[in-house]
Amino acid sequence: MLTFTIRRLILAVPTLLFISLVIFLLLELAPGDPMAQVPLTVPAEVKEKMRLALGLGEPMHIRFWKWLVQFFWIEPQVLIDNIFGTGLADGKLRVISWQTRSPVMDIVVQRIPQTLWVVGTAYVVAILIALPIGIYSAYRQYSWFDQMGTFVSMVGFSVPPFFSGVLVIVIFSVQLGWFPSIYDTTHVVDSWDAFVYQLKQMIMPVMVLALQITAQLSRFMRASMLDNLNQDYVRTARAKGLSEYVVVMVHVLRNSMIPVVTVIALGIPSIFGGAIITEQVFKVNGIGQLLIGAIQANDLPMVQTLTFIFAVLIVLFNLIADVLYGILDPRIRYD
Amino acid sequence: MTELSNPVPSKPPRSQWLDVWDQFKSHRGALMGGALFLFIILAVYLGPLFWDLEATQIDIRARNQGPSWAHPFGTDQLGRDMLARMMAGGATSVSVGLTAMLLALFLGSFIGVMAGFFKKLDGPLMRLTDLFLALPLLPLLLVMMLLFREPLNATFGPEQGIFILIVISIGVTSWMPTARIVRGDVLALKEREFVMAARSIGTTNSGLITRHILPNVLSPIMVSATLGIATAIITESSLSFLGLGFPPDFPTWGRLLFDATDYLQQHPERVFWPGMAISLTVLSVNYLGDGLRDALDPRIRGR
């Protein structure tokens with residue numbers, strides 16, 4: 001198992017390098033000029049110098065190498081500095097955003113908590129809803145509950161977040177006035193009222209995200225339960241005289257959870273991607289909104305770094321899913 | 001001569017597609033989904049023939065009207081008829097969905113068949129698929145929109161250029177699931193006796209693929225085609241909704257929804273129509289795919 005993990009980790013390095021190269025080359029083709037926002041009164045030679053100051057004068061491969069060094073060597077040093085108070089990265093050039101002229105990673109670190117709060121809560125809520133629905137729909141296959149579950153998850157698949165989000169805003173913010181339509185990230189929770197307000201502003205984005213995730217997870221849970229319910233060991237367990245609860249919730253559930261757990265792990269990075277739209281609808285200033293803003297402002301270092309972070313998440317959680325599968329299911333051995 | 005113990009079959013043999021249709025009919029959701037999808041396609045493509053108002057015709061005196069007989073879906077902030085805009089937008093959205101699906105399907109089946117059939121290509125092509133699966137797709141799509149919009153607009157004009165761009169970028173980022181499924185099926189088919197028999201009488205590789213392999217992997221391809229339409233329509237609308245799709249005066253469902261969010265408080269119904277259209281189309285296509293999967297699976301059929 002350990003050798004498999006190590007081998008996969010080593011294999012992930014060239015994959016990630018290749019992905020970063022693809023993203024870099026794609027951005028290289030950008031026709032946008034970072035100096036487009038500079039007033040026309042600025043003389044051409046000054047503009048040229050500003051361009052050089054942004055590091056645009058170098059050939060392509062040198063800039064790619066610099067970005068790699070900055071991302072993989074200097075940024076971890078900054079992280080160590082921040083944790084242990086050392087001075088490893090003092091005076092070294094970090095990945096600088098063209099928009100704000102501040103290090104990209106600092107902005108990302110500022111934005112991550114908002115995304116994690118909203119997306120993370122949505123994911124947990126979705127799992128809590130999806131698993132019981134999946135279990136019960138499989139146990140009572142073709143019952144009205146199962147049919148309802150199928151229909152609701154079909155709707156969850158089909159209604160895009162930019163519609164469901166806007167729809168709940170129309171209903172609950174505009175018509176009923178229950179919840180605020182804009183997520184206020186400066187809100188500090190220091191009293192009971194503040195906590196209630198935080199809950200209120202989180203309900204809508206969390207529910208919109210959770211509907212989508214629930215739809216997929218409950219289908220998986222149902223299919224996986226159905227696969228296991230007709231197995232011989234279930235008959236044996238019943239024949240032994242175990243109670244129905246123990247048979248379903250202990251024997252069947254534990255075996256059906258194996259693929260579901262890996263699906264949950266695989267879904268985490270795509271949630272970050274899917275959250276881009278939800279964040280845009282509810283004006284949550286998380287990572288997704290940062291990416292949209294950077295794309296519209298032609299801020300290439302920011303776009304490159306963020307896209308690469310998404311890629312790292314995908315590769316990492318793919319690896320985690322594979323390893324989890326091996327740990328949970330003793331029949332699967334990678335060696 | 002004694003009489004035949006078994007009477008000669010009086011009915012002609014049923015074709016495979018008749019069986020498929022019988023099974024498909026028994027899935028009520030799929031039948032309704034298919035009918036709804038057909039209706040939506042007819043409405044968006046043939047609807048403008050029966051509705052004389054132009055989607056781009058501005059009538060500033062009649063702006064922000066509610067539903068009436070003259071304008072069943074009301075008018076927008078420039079007095080353009082919402083029904084005409086919905087049909088024009090639907091034509092674009094559905095066309096994008098269909099063409100992007102065809103492109104993804106072609107790429108996916110091609111790569112899947114190649115990887116499954118030729119052992120040498122299997123490794124590299126599957127690594128390529130894994131690599132594409134590891135790409136963050138929505139961010140990349142946004143980046144592609146940003147980068148190639150201008151040059152393509154200059155070459156093909158604003159509408160054609162963005163259409164080509166969206167179709168190609170959705171196509172090249174959504175072929176991977178098809179490729180994986182097709183490869184798996186081809187790997188299994190390749191070992192079957194009928195393929196060996198065909199090879200033994202000297203059928204060439206291209207003949208084998210087109211005559212024997214492709215018809216047998218048709219059902220997973222058709223199922224992923226329906227799902228492909230759904231994802232392509234949703235992706236196009238998301239791009240338009242994020243302001244990186246079609247230009248503002250060129251309606252698509254996502255764009256209409258995006259424009260309507262500015263008038264959310266005064267005219268919430270304007271959000272409702274395009275959103276409902278997207279959701280219903282995707283829902284109908286998903287049900288259609290569900291039914292097709294059951295109908296094309298011979299193990300389920302006839303039960």
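1. Chain A has 11 helices and zero strands, where helices are DSSP runs of H or I with at least four residues, strands are runs of E with at least two, and both are numbered from the N terminus. Its elements accordingly read α-α-α-α-α-α-α-α-α-α-α from the N terminus on. The model is predicted: local features need pLDDT of at least 70 and side-chain atom pairs count only at pLDDT 80 or more, while totals for chains, interfaces and linings use all residues. Residues are numbered from 1 along each chain as its sequence is written, with chains lettered from A and ligands numbered from 1 in the order in which they are written.

2. Along the principal axes, the C-alpha atoms of chain A fill a box of roughly 85 × 60 × 40 Å. Of the 335 residues in chain A, 33% are buried; a residue is buried if 20 or more other C-beta atoms lie within 10 Å of its own, exposed if 12 or fewer, and partly exposed in between, with C-beta atoms placed from the backbone. Among chain A contacts between residues at least 6 apart in sequence, 69% join residues at least 24 apart; two residues are in contact if their C-beta atoms, placed from the backbone, lie within 7 Å.

3. Gly241(A) follows α8(A) and has a positive phi, near 90°.

4. Chain B has 12 helices and zero strands. The box filled by its C-alpha atoms is roughly 90 × 55 × 30 Å along the principal axes. Buried residues account for 43% of the 303 residues in chain B. For chain B contacts between residues at least 6 apart in sequence, the share joining residues at least 24 apart is 70%.

5. In chain B, the axes of α3 (residues 82-117) and α6 (residues 158-172) come within 8 Å and cross at roughly 40°. Axes here are lines fitted to C-alpha atoms, for helices over the stretch in contact, and angles run from 0 to 180 degrees between N-to-C directions. α3(B) and α6(B) are therefore oblique to each other; under 35 degrees counts as roughly parallel, over 145 as roughly antiparallel, 65 to 115 as roughly perpendicular and the rest as oblique. The contact of α3(B) with α6(B) has 11 nonpolar, two polar and no charged residues. By this scheme Ala, Val, Leu, Ile, Met, Phe, Trp, Tyr, Cys and Pro are nonpolar, Asp, Glu, Lys and Arg are charged, and the others, Gly among them, are polar.

6. Between the chains, 32 residues of chain B are in contact with 36 residues of chain A. α5 (137-156), α10 (218-241) and α12 (269-296) of chain B are the elements giving two or more residues to the chain B side. The largest share of that side, 10 residues, comes from α5(B). Its residues divide into 24 nonpolar, seven polar and one charged.

7. The largest nonpolar core has 142 residues, and those with the most contacts inside it include Leu291(A) and Leu142(B). Such a core is a set of buried Ala, Val, Leu, Ile, Met, Phe, Trp, Tyr and Cys residues joined through C-beta atoms within 7 Å. Not counting residues up to four places away in sequence, Leu291(A) touches Ile276(A), Val303(A), Leu306(A) and Pro139(B).

8. Gln57(B) lies in the loop between α2 (28-50) and α3 of chain B. Gln57(B) is partly exposed, because 13 other C-beta atoms lie within 10 Å.
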